[in-house]
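Thanks for coming. I will go through one structure, from its domains to its sheets and then to a few backbone details.

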Amino acid sequence: MEIEEGIVADVSLELLTKGHSLAGQLDCKLEAIAAASVADLEKIEEQVFPYGVDVLHLFKDDRLSPYTTLPHTSILAGLFRKEQPQICLMGATIIGRDLGPRVSSLLGSGLTADCTSLEIGDHEDRKAGKTYKNLLYQIRPAFGGNIVAWIINPDCRPQMATVREGVMKKEIFDPYYKGETVEHNVADFVKEDDFVVSIIDRHIEKSKVNIKNSPIIVSGGYGVGSKENFQLLYQLADVLGAEVGASRAAVDAGFVEHERQVGQTGITVHPKVYIACGISGQIQHIAGMQDSSIIISINNDPSAPINSIADYVITGEIERVIPKMIKYYKKNSK
Amino acid sequence: MAFNIIVLAKQVPDTRNVGKDAMKADGTVNRAALPAIFNPEDLNAMEQALDIKDRFPGSKITVLTMGPGRAAEILREGLFRGTDDGVLLTDRAFAGADTLATSYALSMAVRKIGKFDIIVSGRQAIDGDTAQVGPQVAEKLGIPQITYAENIEKIENGKITVKRRLANGVEVVECPLPVVITVNGSARACRPRNAKLLLKYKHAKTITERQAENIDYIDIYSSRPYLNLTEWSVDDVEADKEQCGLSGSPTKVKKIENVVFQAKESRQLTDDDVDIEELMKELIDSHTIG
């Protein structure tokens with residue numbers, strides 16, 4: 001579980017929901033781990049049990065908040081050696097991407113980053129003449145999003161995967177569900193040496209960008225052409241009450257800040273309307289927005305891949321199209 | 001004070017500029033159609049190393065890369081910008097490595113290099129985007145890690161102070177040396193090549209490259225030893241072959257799919273006023289917007 005100021009992160013709750021369904025298929029327990037300060041864990045049980053958690057492992061120590069790598073690594077590795085879980089899911093957040101590889105290296109188990117889908121299935125290794133039952137298929141776009149790879153981890157446990165926020169759906173299983181809480185003695189897991197890294201300053205701001213929950217998103221790609229042209233998108237977003245998103249190519253080109261990136265390595269969104277401006281539509285972008293109810297693509301290239309999943313395709317220059325949309329909307333909406 | 005710094009860098013296919021011929025008809029990647037580049041965040045990392053060398057004269061920077069023979073280009077790019085040495089780790093036994101097997105091989109090469117205070121690398125490589133190799137190398141070496149670094153603020157009394165870029169803010173951490181630091185793309189861009197160094201190291205080559213060269217060039221490598229780029233095999237770094245490459249990789253690729261989107265029946269519009277107005281009217285009337 002990832003916890004900031006006592007609140008469990010959405011991505012962790014999304015993974016509990018996914019974990020609950022995987023545990024159902026495998027007929028095993030769903031267990032959750034939370035390691036943080038006493039204050040941060042005060043309201044943990046009421047936040048996680050409704051998602052169907054059978055066992056909640058707690059590690060309370062004021063030195064565990066805010067997160068640092070080494071003590072959390074010792075906790076996870078120690079607990080995994082004891083409990084031998086089949087699967088470990090983590091948010092592909094800054095913390096998960098710091099902790100996951102360290103734990104996987106320590107345990108010699110494989111880790112797949114930024115999965116967009118997780119399924120249970122069998123695998124036959126013809127060369128070795130072995131059949132594996134009930135493996136975790138870790139499915140993710142690869143190679144800059146040009147292909148989709150199905151990764152498995154046949155021999156090592158746990159099978160570890162990280163998933164971005166918003167990719168899985170968060171759903172309460174039973175508001176009155178009560179699992180068992182196990183409080184561990186932190187000193188049994190963590191050495192004093194694990195606290196060698198000290199945080200001497202920390203500024204966290206609430207993100208000003210709220211793309212994830214915005215019903216309308218105006219998103220721009222490399223085809224927007226420049227930072228200046230992105231202003232057009234902001235103007236349209238402003239009149240529609242929308243948020244501005246971007247493809248990775250636009251972020252890499254410096255047109256727009258990273259926190260607006262939609263896609264496998266950014267944010268996954270499902271708005272009512274997604275207006276894609278000058279976005280060609282690499283898989284890794286489409287993975288993050290294909291569940292939008294209505295997709296409008298504005299592109300001067302009629303063969304842009306994104307057009308195939310769009311409900312409306314406007315072939316033309318955004319500099320011509322967007323001002324017309326703004327003008328019509330201002331004139332005709334209440 | 002002077003420090004020994006190792007830069008972990010990777011040559012990657014430029015997945016950001018994937019053309020239409022980048023995928024073969026069978027859905028596999030046509031690597032030949034993709035230009036090979038210096039992984040962008042590894043350049044940010046190298047700049048942090050060069051900056052330490054500026055601040056602490058006498059510091060030594062070694063660039064370590066793993067890859068096929070042509071990855072020696074990465075080492076030259078380092079020398080052109082002011083690094084001191086380069087090591088290419090190359091062997092068929094490394095092929096097919098996942099992040100864990102890669103980290104094992106790199107950690108063995110780091111041990112062979114021997115003396116180091118700071119290892120820097122990019123946060124992630126653009127061909128995999130996993131961000132796993134840095135932390136895994138740190139774990140294999142049994143030293144702390146600082147990920148998502150934006151700037152190395154200071155090094156004092158055996159401790160390094162680093163600013164990290166988090167999702168919604170910044171964090172400044174202090175850590176004893178040695179340490180592995182992975183550097184974010186938001187860090188300072190790498191300095192350009194230096195013209196003098198470019199001339200000096202233009203002919204820096206690995207042994208494999210030299211063997212393929214014209215014989216006339218051969219004697220310059222004995223008179224100018226700095227032109228010899230180190231090349232190590234799996235045996236040179238005393239790595240256990242079982243832990244390298246495909247056999248050392250716990251994750252396996254079950255299958256690769258070419259993605260087929262669920263195509264929708266799209267309405268085709270032009271950018272004429274009448275088309276745009278009709279679309280906007282429809283969206284407003286259906287309360288989709290407004």
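Domain bounds, as I use them here, come from an automatic or database domain assignment. This is a predicted model, where local features need pLDDT of at least 70, side-chain atom pairs count only at pLDDT 80 or more, and totals for chains, interfaces and linings use all residues. Residues are numbered from 1 along each chain as its sequence is written, and chains are lettered from A and ligands numbered from 1 in the order in which they are written.

Chain A is assigned domain 1, covering 3–108 + 168–195, and domain 2, covering 216–332. Taken over C-alpha atoms, the centres of domain 1 and domain 2 of chain A are 36 Å apart.

Next, how the chains meet. In chain A, 74 residues are in contact with 65 residues of chain B, contact meaning that C-beta atoms, placed from the backbone, lie within 7 Å. On the chain A side, helix α4 (residues 94–107) gives the most, with 8 residues. Helices here are DSSP runs of H or I with at least four residues, strands are runs of E with at least two, and both are numbered from the N terminus. By class, that side of chain A has 37 nonpolar, 22 polar and 15 charged residues. Nonpolar covers Ala, Val, Leu, Ile, Met, Phe, Trp, Tyr, Cys and Pro; charged covers Asp, Glu, Lys and Arg; the others, Gly among them, are polar.

Which strands form the open sheet of 6? The order is β14(A)-β13(A)-β15(A)-β16(A)-β17(A)-β14(B), with parallel pairing; two strands pair if DSSP finds at least two bridges between them. β14 (243–246) of chain A and β14 of chain B stand at the edges with a single partner strand each, so one side of each has no neighbour in the sheet. The twist averages 20° from one strand to the next. Where the chains join in this sheet, β17 (residues 312–315) of chain A pairs with β14 (residues 267–270) of chain B over 4 bridges, and T315(A) has T270(B) as its bridge partner. Within chain A, β13 (residues 216–220) and β14(A) also pair over 4 bridges, with G220(A) opposite A246(A).

There is also an open sheet of 11 strands with mixed pairing, running from β12(A) through β9(B) and on to β12(B) and β11(B). Its edges are β12 (198–204) of chain A and β11 (205–206) of chain B, each with a single partner strand, so one side of each is left without a neighbour. Inside it, β4 (residues 60–66) and β5 (residues 85–89) of chain B are parallel over 5 bridges, and T62(B) is partnered by D85(B).

Back in chain A, helices α5 (residues 227–240) and α8 (residues 318–332) pack at about 20°, axes 10 Å apart. Axes are lines fitted to C-alpha atoms, for helices over the stretch in contact, and angles run from 0 to 180 degrees between N-to-C directions. That angle makes α5(A) roughly parallel to α8(A), the term for angles under 35 degrees. Their contact residues divide into 9 nonpolar, 2 polar and 2 charged.

Finally, the backbone. Most residues other than glycine have a negative phi, and most peptide bonds are trans. The bond from R157(A) to P158(A) is cis, with omega near -5°. L177(B) and P178(B) are likewise joined by a cis peptide bond, omega about 0°. E5(A), not a glycine, has a positive phi near 50° and lies in the loop between β1 (3–4) and β2 (7–8) of chain A.

How values were computed:
Angles under 35 degrees count as roughly parallel, over 145 as roughly antiparallel, 65 to 115 as roughly perpendicular and the rest as oblique. Two residues are in contact if their C-beta atoms, placed from the backbone, lie within 7 Å.
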